[in-house]
Amino acid sequence: MQALDNVRVLDLTQHIAGPYATRLFADFGADVIKVEKPGGDVTRRMGPFKAGQAHPEKSGLYFYLNCNKRSVVLDLRTEEGKLALAALAKTADIVVESYAPATKERLGIGYEWFKALKPSLPVVSISNFGQDGPYRDFKLTDLTLYAFAGEMYSMGETDREPVKMAGTAALFESGAASAVGIMGALFASKRHGIGQHVDISLAETHFGGVDRRHATAIAFQFSGRKTLRVASHGGGMPGGIYPCADGYVDFTNAGLRPDRVAAMLNHADWLNDPRYSDPMQRMDPAVIEEWNGNFIGWCIERTKREVWQEARRAKVMCGPMFTMEDLFTDESFRNRGFWTRTSHPEMGELTIPGRPLIMEKNGWELRRAAPLLGQHTKELLAESGLDSTAITAASGGAA
Amino acid sequence: MTQKPLEGVRVIDLCVVWAGPFATMLLGDLGAEVIKPENPFVFQPMTRGAMARPPQMLIGASIAWAGGLPHNEVGDRPWDYNPTFVSLYRNKKSFTVDLRRPEGLDILRRLVAVSDVVYENNATGTMEGLGITYEWLKAANPKIIFVRVPAYGSNGPYAHARALGVHLEAVMGHSLLRGYDDADPSSNTAIYSGDYLAGAQGAFAVMTALWNRDRTGEGQLIEIAQAENAAAMFTQAIMDYSLNGNVQGAMTNRDIDGRSPSGVYPTVSPGTAATSDDRWIAISIDTDEQWSAFGQAIGSPPWATDPRFAANAGRLEHHAEIDAHIAAYTATQDDYDLMHRLQAAGVAATPVLEASRMFDDPHLRARDFFKTQTQPASGAYEYVGPLWKFPGTPVEYLQPPVMFGEHNDYVYRDVLEVSDAEFEALKAGGHIATEYDASVP
C-alpha cells in the first residue's frame, strides 16, 4: 500500500511545474493519468537527451518529471477526444491542468465543463499569471518568472545585470508549491465535499513564496529600504565564498558563531581579541580584510572535502561547491540511498535521484519508469468503456 | 469563517529559519492550527532576527530583508517585526515555555497529546538534546506525525553538518550551475531555493501522512533530507551527467535548452544600482517565429532581419552579438512599456522587478494579491498574498504575524486546561512571558 493509492489524478499539465507537482502524487501512490496531445508533452523535445540525440522517448527531463505516471494520447480538438476525456474525468478524484486560459476556452474544457460532468470534482489550474487579470494571456518562461516574480533583481554583482538560478529551478519551486495547492483541493473535497476551481498563478507562487521576495517586500513596507544587488554573504568572519585547493567553499553566515570558527581553526585565542569578538568591531572592513587574508591561506591548503570535514568537526556552517561529478561519486549520498536505478525501453538502464523524502509508512516507490507516448491509451480508454474505434478516434489515430 | 481544507488539524511548529516555518505557514494558510512554542531564555538566530535586542547600528548595517525594521527603529519588541519573521509567521499562534526544564517539557508533552503533527528543522541533535525523540512523542500521542528536516539526513558522515539552504545547495551543485559564465562563483549572492522546495514538500508530506492516517489510523516519522530534496531543481544537470557524463556549468541568463536569445537587458532607469534604481528587462525567445515577431515589435532594425539570425542555431552561435544589439535598443526603452509591446507580439518579456515595485503592478492589484495585516507591535502594512486562490475554501490571513507569547492564555488555559495555580507557578518560573528574558542579548 502507498498513502495515495486510492487517489486518481487526471493530469492535463505539460512542461515542468505541473508535471513536477503531479509526479509527487504519483510517487506516493496516486494513479496519475497523464493526458498528452498527439506528439506529446513539450518536454519530450527538451534536453538533456540520451547521447545528445533529440528523440521524444530519450529526454532526461521528460523522464524525471513523469515516472510513475500512465500516458494517454487524446486529441482534444475533436469531439471524440473530449468524450474520452469526459469518461476519464468521471473516474478521477481531481483534475490538474496547465493550459493557457485562452487555449482552454478554445478547446471548451474550462471548469464549467468539468463541473457539469461531476459537480464535486476539484479542478486545479496552473497558469502563468492566473485565470484573470491584465496579464492573463502573457507568456512566461523560467527566466522571466524569476525576473518578475522571484528575487532575481538582487542576485548578482552591483555593476552587472541581475542573474538567474540554475536550469529551470524557479519552475520546480512553482511545481512544489502547486503540489500543496492540489493537496489542499483534495482535502477540501474529501473532508467537506467542496468541489472548486483552484487558480494557481506561477507568478504568484514566487511573489508569495519564500527565498526573500516575501521578506524584501515587507522590508520595503516597513522601512522604505530596498534590497541591493550585492554579492553579500552575511556578516562576520568568515562570510562568503572562498577558493580552496580544488574549487570553492561557501561559508555564508558562518561568522555568526565565532566560537566554532575559532575551534575549527584551532585559534581559541581569537575569542579574547575584541577585533574578532566585539559585534561592532567585527564589522570593520579593515578587520575583515585582514582576517580573510589569513583564512584564504588556510582554505587554499585544503581540498573542498577537507575544508568541509574541518567545518563539520567544529559545527561551522559550510558547503563545498560540488560538481555533478562530485555529487554522483560521493559515497555518503550513495550509501544513504539517494540514487535509484531503473530501466526504460528506449534509454536502457539509468540512474536518477530517488525519494524526495522518507516516509516510514506507505511512502515513496518507483513503480514504473516514465511512460512511452500513449503507452496506456488503449488500456485506460478501454477501462473507461470506449471501444477500439472510439479509442482510435479519440487519440487522433495514435492508438 | 468558511471551511478550510485542514480545519481541525493541529500542528506544533518547532521550526527555525525558513524551510520549516514556510512549511507550517502553508499548512496554516490551508486552515491548520499552527502553534509555536518559544523559549523566553533562548534566542534562535535567524528566526525572529539576528539578535533579540540588536544594537540600532546593526539593523542599519544589515541587508534590508534582515534589518529593515519598521521606521528603521529597533523599538521595544524587535523580535516581533523582523521582516523575514513576519513574512513566515501569519496564521500561527505563539506561546512560551522553557523546554530545557522538566516542567516545560511536560507542557510540550501535554500539547503533543492533543496535536496531530510536530514539525522541526533544527540542527541534528538539537531535539535529542531536549529529550524530544520520535519515541517520546509517540508515548505522548501514538498517532503523531513527526516531520524532521535535517540538512543531509539523520545518518551518514554528513548527519551533523551545519547548513543553511545556501550551503546544501552548494553541495547539490547549484552554486556552480548558476551565476555569470565569465566570473568565478565567489560573486554568487546567497540564495535559498532549497528552503522553498523543502518547505513546500514538507507541507505536501504532512498532508500525505494525514491522508494515510485517515486510512490506517497510524501516525509516522517523516525525514526530509533537505539536500537530497533539492536535487529535483537541477534535473537537467543531473540527468545530463547521468545519461551522458556531461558536467554542466554556469550559463548566466541563457536558456538551458539553447533557445536564443535569452537574457537580461538594461532599460531606462531612474537611478543606479547603488540605490536599487537600475531597471532591466528579461526576454526569452522560444521560436524562430517569435524572433521574427520580436524584430517587428521593435521596428525591424537591420540586425533583427539578419539572415544569420533567422534560425535558432545561428542566434545561439552569435548570441553575444545579438545581446549587444538588444541591449543598445532596450537601453532607450521603458521596461513596462516594452513588456507590453513584446507580450502583444507573443514574446515572453518582463521587467526584472525590484521588490518595492510589486506594489504598483496593475496585474497584482487587479487580482487583489496583497493583504493588509495589522499587528499590534508594528501596525498595519501590506503583505504578499498566498500562493494559490481557493474560491470555495479561501486562504485568509486570520492571524497577523504572531507576537512572542501572544497566545499564552489560549494555549495554557483553553488547550491544555491548566489550573490557575499551575499557570501562576509556570509564570513565576519564567515559562510564561511575552518578551525575552533580560539576560538574552
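In what order do the seven strands of the open sheet with mixed pairing follow one another? The order is β12(A)-β6(B)-β5(B)-β4(B)-β1(B)-β2(B)-β3(B). Here helices (H or I, at least four residues) and strands (E, at least two) are DSSP runs, numbered from the N terminus, and two strands pair if DSSP finds at least two bridges between them. β12 of chain A and β3 (92-96) of chain B form the edges, each with a single partner strand, so one side of each has no neighbour in the sheet.

The model is predicted: local features need pLDDT of at least 70, side-chain atom pairs count only at pLDDT 80 or more, and totals for chains, interfaces and linings use all residues. Residues are numbered from 1 along each chain as its sequence is written, and chains are lettered from A and ligands numbered from 1 in the order in which they are written.

Strand β12 (residues 358-359) of chain A joins strand β6 (residues 220-223) of chain B in the antiparallel sense, over two bridges. Within β6(B), Ile222(B) is the bridge partner of Met359(A). Helix α10(B) lies across β12 of chain A and across β4 (117-120), β5 (145-148) and β6 of chain B, and runs at about 160° to β5(B). Such angles run from 0 to 180 degrees between N-to-C directions, with axes fitted as lines to C-alpha atoms, for helices over the stretch in contact.

The contact between the chains takes 131 residues from chain A and 138 residues from chain B, two residues being in contact if their C-beta atoms, placed from the backbone, lie within 7 Å. On the side of chain B that touches chain A, helix α10 (residues 193-216) of chain B supplies the largest share, 15 residues.

Chain A contains 17 helices and twelve strands, and its C-alpha trace spans about 85 × 50 × 40 Å along the principal axes. The domain assignment, which is automatic or from a database, divides chain A into domain 1 (8-211 + 337-394) and domain 2 (241-321). The centres of domain 1 and domain 2 of chain A, taken over C-alpha atoms, are 44 Å apart. Of the contacts in chain A between residues at least 6 apart in sequence, 67% join residues at least 24 apart.
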